[in-house]
Amino acid sequence: QRRVHGTLSECLFFFAFSHVDWEIMDAKWTRKRRYYTPNEVAMHNMESDCWVSAMSKVLDLTSLVQKYLGALTDPIVHAAGTDITYWFNKETGDVKRCIDPKTGLEQYYTPMGRFVHVPPSIVITDLDNDYDIPWWMDEQYVIGYLTVKTRQIRIVNTLNQHEAQLEVCSEETLNEIQDRYLEFNAHAASYTWKRLCEPLDMDKTLEENGIVDESEDFDHLGLPDDYYIPAIHIYFNDDLTVG
């Protein structure tokens, strides 16, 4: 068995939190954040848990799908967990339009099938107009933004030598990255975060802390993006944070 040396609180902490909480990791749940990765959006890919990204925003359309469940939500459910920016005109923010070759009239371009809040090309009497603005322009469904670039970072716990590799958003501060790391260590705030022995500013991003993204340089050299993943070392402060 491995012998642990240190203060009583360090030893208790080591045995309590030396392993990943797999029940948390396996849960198909995402904390509310400012920015999300495409992989996080992709987890929410069914009618009972339906997210999409569009025009740099992340939308939770679960309530919309449940309200209109049926043929008009099928295109949305089929696209759940993906980016649907191509459905929209980037200049107007509205659904793309085209000219009907038969009538010569302008209509919404929906090759994926007509979906909720898109009016039909013919007049019908039971059209649902029970909304002020269409869902793709309604901020109530926006839960955050899609990151412009994801980054990989290694978090090394110097107390128990556990290492976790995280996919994070380039726009996130270290405080937000620490929030992601809570899935691996519920007492992450009880540590000092350092890079090359220098304390990091938790209110700044990786780039602002001098941890530059070298993936483009690796690509230029023909190396994989994960050729080198920078590490942050965390040091236990010996004062357990009350959860």
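Here is a short chat about the charged residues and overall build of this predicted model.

Colleague: Before we start, what pLDDT do local features need?

Modeller: It's a predicted model, so totals for chains, interfaces and linings use all residues, side-chain atom pairs count only at pLDDT 80 or more, and local features need pLDDT of at least 70. Residues are numbered from 1 along each chain as its sequence is written, and side-chain values use heavy atoms, with hydrogens and water left out.

Colleague: How many helices and strands does the protein chain have?

Modeller: Both are DSSP runs numbered from the N terminus: helices are H or I with at least four residues, strands are E with at least two. On that basis the protein chain comes to seven helices and twelve strands.

Colleague: What share of the 243 residues is buried?

Modeller: Buried means under 20% relative accessible area, exposed is over 50%, and partly exposed lies in between (1.4 Å probe, protein chains only). Of the 243 residues in the protein chain, the buried share is 41%.

Colleague: Which residue pairs with Arg33 in a salt bridge?

Modeller: A salt bridge here is a side-chain nitrogen of Lys or Arg within 4 Å of a carboxyl oxygen of Asp or Glu. The closest N and O atoms in this pair are 3.0 Å apart, and the partner of Arg33 is Asp179. The two sit 146 residues apart, with Arg33 in the loop between helix H2 (22-26) and strand S1 (35-36), and the partner in helix H6 (residues 174-181).

Colleague: Is Arg33 buried or exposed?

Modeller: Arg33 also belongs to a salt-bridge network with Glu40, Glu172, Asp179 and Arg180. Its relative accessible area is 11%, so Arg33 is buried.

Colleague: In the Asp94 and Arg97 salt bridge, which residue counts as partly exposed?

Modeller: Their side chains meet at 3.3 Å, N to O. Asp94 has 14% relative accessibility, so Asp94 counts as buried. At 43%, the partly exposed one is Arg97.

Colleague: What is the relative accessible area of Glu163?

Modeller: Glu163 meets Arg154 in a salt bridge (3.5 Å, N to O). Arg154 is partly exposed at 22%. Glu163 is partly exposed too, with a relative accessible area of 42%.
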